[in-house]
Amino acid sequence: MSNKSTESKNPSRKFGPLSRASQFFYTKSNLITALLATSVFAGYLLFFLTGKGKAFEVANSSIKSLGTSLGFGQVEILAFLAERSDQMINAYINFNQVWDSLFALIYGVMYVAWVSILFKPYSKKVGVLNLLPFAQVLFDWLENFSLAALSKQYLADGTISSSTALIASTSSSIKWVFSLLVYGVILVGAVMRIVGALKRRSQR
């Protein structure tokens, strides 16, 4: 009897780490935190990530970036690496392992904050939906570290692993699918909040 009463007083014990993380963002997210996260995202993109990307930029390159395309094959990866010097490839490895991976975490937190704000009134119904952007982050990281591994292999022996290339390409495609889903969820959430506000206004 006492165990049941204790569980009812502490419902969080019945939930797993995903539910607790989801509830944390629903509780802590507000307009100020979302705008702050957006500012960090924009500042990092403009003042850090863009500059780091120039370290392996090749003028008139046929393939400027692999991570911004919806999937790629071994031919594209080899062409991308062949156009760059060893120093540029090392910069690309560092970019994937550090700077772009940090960027993924930053945009993930930003999107989670916005989804949490929009769906806060419906949090009990939608559950951990606000954590959806972190799925995009995970596949972005998998893509980044796969590309870094391929780049290291290319520097070592001039070849790349077909299986690792497939992982990188598939991860990139899934990453962009989740990106579209996140934008769709944000759009739906915004519409729901607007409709809800209009209904409350009409009832006054």
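Helix 3 has a kink of about 40 degrees, centred on L45. The bend at a residue is the angle between axes fitted to the seven residues ending there and the seven starting there. Helices are DSSP runs of H or I with at least four residues, numbered from the N terminus; strands are runs of E with at least two. This is a predicted model, in which local features need pLDDT of at least 70, side-chain atom pairs count only at pLDDT 80 or more, and totals for chains, interfaces and linings use all residues. Residues are numbered from 1 along each chain as its sequence is written, and side-chain values use heavy atoms, with hydrogens and water left out.

Helix 3 has 23 residues. From its first C-alpha to its last, helix 3 reaches 31 Å, close to the 33 Å expected at 1.5 Å a residue. The expected span is 1.5 Å times one less than the number of residues. Several positions in helix 3 are buried: A34, A37, F41, G43, Y44, L49 and G53. Buried means under 20% relative accessible area, exposed means over 50%, and partly exposed lies in between (1.4 Å probe, protein chains only).

L46 also sits in helix 3, which covers residues 31-53. L46 is exposed, with a relative accessible area of 58%. With L45, F47 and F48, L46 forms a nonpolar patch on the surface. Together the four have about 440 Å² of accessible area. Accessible areas come from the Shrake-Rupley method with a 1.4 Å probe; for residues, only the protein chains shown count as cover. Patch members have over 30% relative accessible area and no salt bridge; nonpolar side chains (Val, Leu, Ile, Met, Phe, Trp, Tyr) are joined within 5 Å, like charges within 9 Å.

Helix 5 is kinked as well. Its kink is about 45 degrees and is centred on F95. Helix 5 runs over residues 86-119, 34 residues in total. At 1.5 Å a residue it should span 50 Å, and its end C-alpha atoms are 47 Å apart, which agrees.

Now the rings. A pair of aromatic rings is described by the distance of the centres and the angle of the planes. Rings of Phe, Tyr and Trp (its six-membered ring) pair if their centres lie within 6.5 Å; planes under 30 degrees apart count as stacked, over 60 as edge-to-face and the rest as tilted. The structure holds 14 such aromatic pairs. One of them is F41 with F103, stacked at 5.4 Å centre to centre with 20 degrees between the planes. F41 lies in helix 3 and F103 in helix 5, so the pair ties together parts that are 62 residues apart in sequence. F41 counts as buried at 18% relative accessibility. F103 is buried too, with a relative accessible area of 12%.

F139 and F178 make another stacked pair, with ring centres 5.8 Å apart and planes at 20 degrees. F139 lies in helix 7 (residues 132-157) and F178 in helix 8 (residues 162-202), so this pair ties together parts that are 39 residues apart in sequence. F139 counts as partly exposed at 26% relative accessibility, whereas F178 is buried at 18%. Ring pairs also link F41, Y44, F48, F103, Y107, Y111 and Y183 into a cluster.

Charges come next. Side chains of opposite charge can pair when their charged atoms come close. A salt bridge is a side-chain nitrogen of Lys or Arg within 4 Å of a carboxyl oxygen of Asp or Glu. By this rule the count comes to three. In one, R84 pairs with E83, the closest N and O atoms being 3.6 Å apart. R84 is buried, with a relative accessible area of 6%, while E83 is partly exposed at 33%.

K175 forms a salt bridge with D140, with the closest N and O atoms 4.0 Å apart. K175 lies in helix 8 and D140 in helix 7, so the contact ties together parts that are 35 residues apart in sequence. K175 and D140 are both buried. E143 forms a salt bridge with K175 too, at 2.9 Å between the closest N and O atoms. E143 lies in helix 7 and K175 in helix 8, so this pair ties together parts that are 32 residues apart in sequence. E143 counts as buried at 1% relative accessibility, and K175 has 5%.

V185 is buried, with a relative accessible area of 14%. V185 and L129 are 56 residues apart in sequence and 8.7 Å apart in space, C-alpha to C-alpha.
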